[in-house]
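Hi,

Here is the structure I promised to pass on. Have a look at it first, then read my notes below.

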Amino acid sequence: MKLPIVAYGDPVLKKLCTDIDQTYPDLQQLVQNMFETMYNASGVGLAAPQVNLPIRLFIVEIKADEEEPAYKKVFINAQILEETGEPWAFNEGCLSIPDVREDVIRKPNVLIRYYDENWTLHEEVVTGFPARVIQHEYDHIEGKLFTDKLSLLRRQMLKGKLDNIAKGKVHTDYKMRFPKQNKKR
Ligand code: NI
């Protein structure tokens, strides 16, 4: 089942998300729904707060290309323990912030500890594009958006566009939930 994606401006995107445990109801179904929602929106990552759940869960799926093999993982209760390397800029977007793309500077390597969908604990170093997606999704469960990482000037320039997104004045091919949409028609 596809879930509506929460748009910029919704308070759930600002929440520090909480850990879950093995008693969390219907987790496998939720993970499956999140993948379906992400595929439908052509995303490479999706975090639970983007489907209105303030829990520490996100998914990543990157298709294989000439340089890297496919990368598909579920991250539960993730903690980034270390970020290392020379910071680099990458043009990021977000399914909660349609039609906005900005260069974001992050370090290239992350050491992350997390449970997978079978509740197996992992601790691993991830580099390159998968690391970039993980950092972006991890920010979501920490209540942060990539726009928070931009300069004050860039944020001021984007303000009108972001306000419009919150009001639902944006077109997407996937279903969204807008915090400030006028309910009257
Ligand atoms: Ni995002």
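Threonine 37 touches Met1, Lys2, Leu3, Ile5 and Leu46, leaving aside residues up to four places away in sequence; contact here means heavy atoms within 4.5 Å. Threonine 37 sits in helix H1 (residues 27-40), where helices (H or I, at least four residues) and strands (E, at least two) are DSSP runs, numbered from the N terminus. With a relative accessible area of 3%, threonine 37 is buried. The cut-offs are under 20% relative accessible area for buried, over 50% for exposed, and partly exposed in between (1.4 Å probe, protein chains only).

Before you go further, keep in mind that this is a predicted model: local features need pLDDT of at least 70, side-chain atom pairs count only at pLDDT 80 or more, and totals for chains, interfaces and linings use all residues. Residues are numbered from 1 along each chain as its sequence is written, and side-chain values use heavy atoms, with hydrogens and water left out.

Glutamine 135 counts as buried, at 2% relative accessibility. Not counting residues up to four places away in sequence, its contacts are Ile80, Glu83, Arg106, Lys107 and Val110.

Next, the salt bridges. Side chains of opposite charge can pair when their charged atoms come close. The rule asks for a side-chain nitrogen of Lys or Arg within 4 Å of a carboxyl oxygen of Asp or Glu, and by this rule the count comes to 13. One of them joins the side chains of arginine 132 and glutamate 92 (2.7 Å, N to O). Arginine 132 is in helix H2 and glutamate 92 in strand E5 (residues 88-94), so this pair ties together parts that are 40 residues apart in sequence. Arginine 132 is buried at 2% relative accessible area, and glutamate 92 is buried at 3%.

Another salt bridge links aspartate 163 and lysine 159 (2.9 Å, N to O). These two are 4 residues apart in helix H3 (residues 152-166), which means about one helical turn separates them. Salt bridges with shared partners also join Glu92, Arg106, Arg132, Asp139 and Lys149 into one network.

Finally, where is proline 108? Look in the loop between strand E6 (97-106) and strand E7 (109-115). Proline 108 counts as buried, at 18% relative accessibility. Among the residues that proline 108 touches are Trp88, Val126 and Ala131.

Cheers
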